[in-house]
Amino acid sequence: MGALGNLALTYKYQGRLDEAESLYLKSLEMITSLVPPDDSNLLAGRYNLANLYAAQGRYEEAELLMKQCYEASSRRYGANSAQLDKMRGNLGMVYNLLGRYEEAEKLLKQTLTNYEKRLGMDHPETIELMGKYMDVISHLSQEEAQTRASRPLSFKQGGKHSGKAHRKKKHR
């Protein structure tokens with residue numbers, strides 16, 4: 001990532017987001033021509049820029065970069081790596097920010113399963129991810145409730161079955 005990336009990160013923490021973005025872009029431009037597409041420095045630069053975009057509310061741009069990071073991590077580190085899990089979880093959180101809760105839930109659930117196996121249930125990263133996963137689940141539940149509330153009632157208005165249950169008495 002180098003000096004430009006470090007300065008960009010400092011600007012980000014200071015709230016100087018436009019300046020941080022400019023430096024991240026300049027850093028990525030310089031490094032892209034020098035390293036292969038799945039180089040760890042390039043991956044870190046894209047990851048940092050994606051986080052900056054998410055902080056700015058530019059979720060579609062963050063998604064694009066997080067997808068690139070996820071794909072590069074898959075090639076570089078393999079399907080069962082901690083690095084890929086981190087990128088998978090981050091992409092899931094971007095989907096959460098975009099309101100794409102089903103996609104977020106799928107990625108976070110897979111990541112959480114891997115964290116539980118690798119780190120254990122009591123590890124701080126597992127606990128933190130569990131909180132994020134529960135947040136996504138709560139959105140799914142709300143979305144499901146809203147969908148149900150907007151459906152027409154299943155019984156016919158008026159007429160013979162106006163919402164009351166009618167039972168025939170059995171005569172013996």
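**Notebook: the largest pocket and the chain around it**

I looked up which element gives the largest share of the lining of the largest pocket, and I found that helix 5 does, with seven residues. The model is a predicted one, in which local features need pLDDT of at least 70 and side-chain atom pairs count only at pLDDT 80 or more, while totals for chains, interfaces and linings use all residues. Residues are numbered from 1 along each chain as its sequence is written, and side-chain values use heavy atoms, with hydrogens and water left out.

I noted that a pocket is an open set of points on a 1 Å grid over the protein atoms alone, where a 1.4 Å probe fits, with protein on both sides within 12 Å along at least five of seven lines; lining residues have an atom within 4 Å of a point. The largest pocket holds about 360 Å³ of space, the volume being the space filled by probe spheres set on the points, which are joined across faces, edges and corners. Its lining has 17 residues, and the closest to its centre are Tyr-47, Lys-86, Asn-90, Glu-128 and Lys-132.

I then checked the helices (DSSP runs of H or I, at least four residues, numbered from the N terminus). Helix 3 (40-55), helix 5 (82-97), helix 6 (101-118) and helix 7 (124-150) each supply at least two residues of this lining.

Of its 172 residues, 34% count as buried, meaning under 20% relative accessible area with a 1.4 Å probe, protein chains only.

Methods. Buried < 20%, exposed > 50% of the residue type's maximum accessible area, 1.4 Å probe, protein only.
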